[in-house]
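Dear colleague,

Please find below the structure that I am handing over to you. My notes on it follow the model itself.

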Amino acid sequence: MNFLPLWRYQNQLIDGAFVTLELTVVAALFGILIGIAGAVALKGRIAALRWLVRGYIELFRNTPSLIQIFIVFFVLPTFGLKLPAFEAACVALSLYFGAYSVEIIRSGLDSIPRSQVEAGQCLGLSGWQVFRHIVLPPALRNAYPAVTSQFVLLLLGTSLASQVAADELFHVAGFIESRTYRSFEVYAVICAVYFAMAMSFKALFALVGAAAFRWPRRR
């Protein structure tokens, strides 16, 4: 084993890691917005909208995310919508993450007892005020662990964007391997970087959750 030939590519590795983080954060933010909107739609009274959201969830949760990226990048240009690799990956991964976020946030909303909603209504609060002050905060607290776990899976899943030549970490690894022919060393380093990023986010989310929601520490 010889890792020294990889040292000259450290800038490319750092750039690839930053692109991976950017792709993850952007997809997660839009995915959470989709999740909140979809969860509210599922709890709404419009049947057609509920069926539409349910179809979206089933479609994106039961098809490979790589195919979804390919459709956005290769198929949409047929209809006049051509996106660069990074933007196409963002769109596909946002929709993929959003499909899971809808169910996660919906389950958080369902965990709120009906009696709390009725108590807010008895106090004269509007529907939005009940949702904003009574339903949403504990629902987000209940959904937080599942959302953060899905975020880490999204981080690891961004490697699929390399298949459309997005300049993320795994794509950079392929470039370096083709130049150095050091397959084991390259992918060992890439594995270590992914592991470090995943564990860092897990630690960060644990600290944020403990501070924001004041969860008791496990003994």
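The findings are set out below, from the overall fold to single residues.

This is a predicted model, in which local features need pLDDT of at least 70, side-chain atom pairs count only at pLDDT 80 or more, and totals for chains, interfaces and linings use all residues. Residues are numbered from 1 along each chain as its sequence is written, and side-chain values use heavy atoms, with hydrogens and water left out.

Overall fold

The protein chain has eight helices and zero strands, so that its elements read α-α-α-α-α-α-α-α from the N terminus on. Helices (H or I, at least four residues) and strands (E, at least two) are taken as DSSP runs, numbered from the N terminus. The C-alpha trace spans about 70 × 55 × 25 Å along its principal axes. Of the 219 residues in the chain, 39% are buried; here buried means under 20% relative accessible area, exposed over 50%, and partly exposed in between, with a 1.4 Å probe and protein chains only. Among contacts (heavy atoms within 4.5 Å) with a separation of 6 or more, 76% join residues 24 or more positions apart.

Nonpolar cores

A nonpolar core is a set of buried Ala, Val, Leu, Ile, Met, Phe, Trp, Tyr and Cys residues joined through side-chain atoms within 4.5 Å. The largest one holds 40 residues, and Leu-169, Ile-176 and Ile-190 touch the most other members. At least two residues each are supplied by helix 1 (10-43), helix 3 (65-75), helix 4 (85-110), helix 6 (127-157), helix 7 (169-180) and helix 8 (183-213). Helix 4 gives the largest share, eight residues. Leaving aside residues up to four places away in sequence, Ile-176 touches Leu-6, Tyr-9, Leu-13, Tyr-181 and Val-186. There is also a second, separate core of nine residues, which includes Ala-39, Leu-109, Val-130 and Ala-139.

Helix 2 against helix 4

The axes of helix 2 (residues 47-61) and helix 4 come within 9 Å and cross at roughly 120 degrees. Axes are lines fitted to C-alpha atoms, for helices over the stretch in contact, and angles run from 0 to 180 degrees between N-to-C directions. Helix 2 is therefore oblique to helix 4, given that angles under 35 degrees count as roughly parallel, over 145 as roughly antiparallel, 65 to 115 as roughly perpendicular and the rest as oblique. The crossing is left-handed, that is, the near helix is turned anticlockwise from the far one by less than a right angle. From helix 2, the residues Val-53, Arg-54, Tyr-56, Ile-57, Phe-60 and Arg-61 take part; their partners in helix 4 include Leu-95, Tyr-96, Ala-99, Glu-103 and Arg-106. The residues of this contact divide into nine nonpolar, two polar and four charged, where Ala, Val, Leu, Ile, Met, Phe, Trp, Tyr, Cys and Pro count as nonpolar, Asp, Glu, Lys and Arg as charged, and the others, Gly among them, as polar.

Individual residues

Met-199 is in helix 8 and is partly exposed, with a relative accessible area of 40%. Its C-alpha atom is separated by 8.8 Å from that of Val-152, 47 residues apart along the chain.

With kind regards
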